[in-house]
Amino acid sequence: MLTRATRASLAVQCALYVASGINHFWHEGFYLHIMPDHYAHPLALVRLSGVAEILGGLGLLVPVTRRFSAVGIAAMLVVFFDVHFFMVRHAARFAEVPAWVLWARIPLQFLLIAWALYFARRSGLATAEYGSASNSAKS
């Protein structure tokens, strides 16, 4: 059973990823601008990551898909490190973003990964507890 604080945290995380995913389509130009040069098909990647964020955020709300969505979000965030490091290495190209923001995004990414994995772990525990309870009931 999720506590009120845990449910609120889950709702905030869902809203964050759904809004961020929608933002990929609303402000495609921004995301294309920050896409590292070494990626082929940057527009397709921007759109794909937007869809992934929307689906991942919505998947957090469904208990059956929560663990998969949380792990998927964490994996996606690991991939996004490349974008953050690219921006730090080419800070002059992103003069509109203060240097401290470019650097702050890296530890923030670790916190977002941990937050997503918290729900992957909780989801697994809830499933294990449910499985144990139903196995005990059968005995």
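Helices (H or I, at least four residues) and strands (E, at least two) are DSSP runs, numbered from the N terminus.

**View 1. Overall fold of the predicted model.** This is a predicted model, in which local features need pLDDT of at least 70 and side-chain atom pairs count only at pLDDT 80 or more, while totals for chains, interfaces and linings use all residues. Residues are numbered from 1 along each chain as its sequence is written, and side-chain values use heavy atoms, with hydrogens and water left out. The protein chain has 5 helices and 0 strands, and its elements run α-α-α-α-α from the N terminus on. Of its 139 residues, 34% count as buried (buried means under 20% relative accessible area, exposed over 50%, and partly exposed in between, with a 1.4 Å probe and protein chains only).

**View 2. The nonpolar surface patch that includes Val-64.** Leu-58, Leu-61, Val-62 and Val-64 form a nonpolar patch on the surface, with about 380 Å² of accessible area together. Patches are made of residues with over 30% relative accessible area and no salt bridge, nonpolar side chains (Val, Leu, Ile, Met, Phe, Trp, Tyr) being joined within 5 Å and like charges within 9 Å; a salt bridge is a side-chain nitrogen of Lys or Arg within 4 Å of a carboxyl oxygen of Asp or Glu. Accessible areas come from the Shrake-Rupley method with a 1.4 Å probe, and for residues only the protein chains shown count as cover. Val-64 lies in helix α4 (residues 63-89) and is exposed, with a relative accessible area of 79%.

**View 3. Ser-69 in helix α4.** Ser-69, which also has its place in helix α4, is buried, with a relative accessible area of 8%.

**View 4. His-41 in the loop between α2 and α3.** His-41 lies in the loop between α2 and α3, where its phi is near 55 degrees, a positive value in a residue other than glycine. His-41 is exposed, with a relative accessible area of 62%.

**View 5. The largest pocket.** The largest pocket has a volume of about 680 Å³. Of the 25 residues that line the largest pocket, the closest to its centre are His-24, Tyr-31, Glu-53, Phe-80 and His-84. On a 1 Å grid over the protein atoms alone, a pocket is an open set of points where a 1.4 Å probe fits, with protein on both sides within 12 Å along at least five of seven lines, and lining residues have an atom within 4 Å of a point. Helices α1 (4-26), α2 (28-34), α3 (42-59), α4 and α5 (99-138) each supply at least two residues of the lining.

Notes: Grid points are joined across faces, edges and corners, and a volume is the space filled by probe spheres set on the points.
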